[in-house]
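The structure under discussion is shown first.

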Amino acid sequence: MAPVRWKLVFAGLFVLSVTGILYLGYFCRGPNCALKKGNLRNTFKSNYDAYFQGTFIRNRFSEEEVDKEYDLDLEAQDVIVFLHIQKTGGTTFGKHLVNDLEVDPPCDCYKRESGKKRCDCLTRNKQVWLFSRYSTGWKCGLHADWTELKNCVDEWFQTEQGRKRRRYFYITMLRDPVYRFLSEWIHVSQRGGTWKTASLKCNGREATLDEVPFCYHTEDWKDVTLEQFMACKHNLAINRQTRMLANLSKVNCYNRTGMSEAERDRLILQSAKDNLKDMAYFGLMEFQNFSQFLFEHTLHINFLTQFTQYNNTHSTQNKYSPDVLKQIAELNHLDIELYQFAKDLFIQRVIEAYKEEDLPVPQQLMEHVKKAETASEITSDHKSNEDTEDVERIGAQSNDQFTQGVFERDNVQNVDASLNTQFGANGDDVGFDRQPFRGNSDNGLDRQSDRGDLDKSSLGAFNKKQGYDSREDMAAKKLRQSRLMRNFQSQNIGSDHY
């Protein structure tokens with residue numbers, strides 16, 4: 001009888017196995033169904049994982065976070081503040097701000113005795129309305145970050161422009177972290193530029209050399225190899241975008257004692273995400289035309305020229321091995337989490353802007369959304385913007401995945417080369433990006449006076465429900481719609497490099 005019982009046991013196990021395979025493969029609809037078609041390749045535990053396959057996990061943003069519009073009145077002390085992160089296309093964007101914005105009066109640009117360009121961006125009442133490199137200069141420090149700007153901008157205006165109530169509209173630009181890092185390395189190794197005069201000010205004092213030692217012991221870091229550039233743990237190029245967008249006072253500035261590295265990373269990343277959401281506007285270097293469109297829609301100020309998407313950058317002209325690119329991604333894992341978050345929010349905002357402008361949403365954007373929805377549906381149990389594990393873990397992707405995914409980018413666009421005929425190809429700090437910050441205010445505005453923050457209810461953002469209430473506004477809208485349609489039909493918008 002024993003052999004018969006064993007046969008029954010094996011038969012039962014076989015039936016259960018077949019039933020389980022059939023269920024998981026054809027009937028199970030949950031995110032944990034490992035045999036569901038496509039899951040083996042698309043199961044992403046975090047946005048870091050999704051990055052390697054060229055997509056992102058969608059976030060549930062509120063309507064207020066997606067649908068932002070402001071009615072700027074530059075004559076009434078409204079000020080645009082451009083937070084400029086290195087190697088994100090900020091130099092080009094900064095030149096667009098001073099040369100091409102449709103404002104009256106326009107910025108008055110001239111060359112100083114030093115040979116550098118400077119522009120006076122003044123209202124009719126001779127008040128500064130643009131705080132940026134080419135308008136005011138580095139008044140808060142070279143490439144001042146969010147922490148420095150928040151503690152400096154209003155103080156400078158109250159001192160230099162009079163004690164008045166102002167609204168500050170922070171804006172900025174982001175870039176794919178791997179190619180931004182490579183671009184900074186090329187800038188440092190070929191030109192020797194290190195931005196070593198940056199003050200790195202936080203909580204009222206500058207960072208000490210013990211807190212942020214130099215990675216080199218000569219005059220500059222020229223001819224540094226990529227391996228050496230990556231090996232210095234004090235290199236501020238690592239996760240630069242996250243650090244420059246975060247409120248560093250939350251982590252005791254540059255003092256790394258008294259807090260674990262994982263906790264510090266979690267706090268910095270969350271702070272950068274929060275500040276990015278609160279900004280009046282941010283764009284992405286890889287999507288120049290969409291970035292221009294979103295700027296004009298959000299701030300109701302048009303550019304006189306169309307942004308140009310360039311095909312190749314110095315960082316993409318060289319072919320790097322998948323292993324090297326993967327190492328750079330792992331090194332900049334916070335920036336990748338931030339960029340994935342930013343890309344999702346950016347695309348949602350652009351789509352909403354198209355709908356409000358009564359324009360057809362480009363198929364290119366919808367393809368991004370469709371691909372992201374597939375990843376998000378499978379990983380619906382994960383909250384990538386809140387999960388601490390997203391910061392702490394570094395995924396171990398194979399080189400095959402790495403090559404097939406995000407790093408097949410031969411058509412990544414170059415922004416830094418634009419407008420060189422106006423300012424010169426060898427201007428200082430080439431590769432600046434524009435990163436305006438909104439501060440901590442809930443509607444994207446930073447309102448300050450001589451008595452500190454103003455009541456946020458006293459100066460509301462533009463109410464989109466009131467719409468365009470004049471014939472002039474309607475005519476301007478129709479003219480812009482016509483221009484946008486012509487431009488978007490004749491160009492490959494946004495360069496889908498994923």
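The model is a predicted one, in which local features need pLDDT of at least 70 and side-chain atom pairs count only at pLDDT 80 or more, whereas totals for chains, interfaces and linings use all residues. Residues are numbered from 1 along each chain as its sequence is written, and side-chain values use heavy atoms, with hydrogens and water left out.

## The chain as a whole

The secondary structure comes to 20 helices and 12 strands, taken as DSSP runs numbered from the N terminus, with helices being H or I of at least four residues and strands being E of at least two. Of the 498 residues in the chain, 55% are buried. Among contacts with a separation of 6 or more, 79% are between residues 24 or more positions apart, contact meaning heavy atoms within 4.5 Å.

## Helix H11 against helix H15

Two packed helices are described by the angle between their axes and the distance between the axes. Helix H11 (residues 261–278) packs with helix H15 (residues 333–356) at an angle of about 20°, their axes being 10 Å apart; axes are lines fitted to C-alpha atoms, for helices over the stretch in contact, and angles run from 0 to 180 degrees between N-to-C directions. H11 and H15 are therefore roughly parallel to each other, on a scale where angles under 35 degrees count as roughly parallel, over 145 as roughly antiparallel, 65 to 115 as roughly perpendicular and the rest as oblique.

On the H11 side the contact involves Asp-265, Leu-269, Ala-272, Lys-273, Leu-276 and Lys-277, while the H15 residues include Leu-338, Phe-341, Leu-345 and Arg-349. The residues of this contact divide into 8 nonpolar, 1 polar and 5 charged, with Ala, Val, Leu, Ile, Met, Phe, Trp, Tyr, Cys and Pro counted as nonpolar, Asp, Glu, Lys and Arg as charged, and the others, Gly among them, as polar.

## Helix H8 against helix H14

The axes of H8 and helix H14 (residues 322–331) come within 9 Å and cross at roughly 100°, which makes H8 roughly perpendicular to H14. Val-178, Tyr-179, Phe-181 and Leu-182 of H8 make this contact with Leu-325, Ile-328, Ala-329 and Leu-331 of H14. Its residues divide into 8 nonpolar, with no polar and no charged ones.

A search of the whole structure finds 11 salt bridges. In one of them the side chains of Asp-344 and Arg-58 meet at 3.9 Å, N to O; Asp-344 lies in helix H15 and Arg-58 in the loop between helix H3 (47–51) and helix H4 (63–66), so the pair ties together parts that are 286 residues apart in sequence. Asp-344 is buried, at 0% relative accessibility, whereas Arg-58 is partly exposed at 28%.

The side chains of Glu-184 and Arg-240 also meet in a salt bridge, at 2.7 Å, N to O, linking helix H8 (residues 177–191) with helix H10 (residues 240–245) across 56 residues. Glu-184 is buried at 2% relative accessibility, and Arg-240 is buried at 6%. Separately, Glu-75, Asp-104 and Arg-124 are linked in a network of salt bridges.

## Loop sites

Asp-104 is joined to Pro-105 by a cis peptide bond, with omega about 0°, and Pro-105 is found in the loop between H5 and strand S2 (108–111). Ile-85 lies in the loop between strand S1 (78–83) and helix H5 (90–99) and is buried, with a relative accessible area of 0%.

Cys-253, in the loop between H10 and H11, has a phi near 60°, a positive value in a residue other than glycine, and it is buried with a relative accessible area of 7%. His-300 likewise has a positive phi near 60°, but it is partly exposed, with a relative accessible area of 27%.

Definitions and conventions: Salt bridge = Lys/Arg side-chain N within 4 Å of Asp/Glu carboxyl O. Buried < 20%, exposed > 50% of the residue type's maximum accessible area, 1.4 Å probe, protein only.
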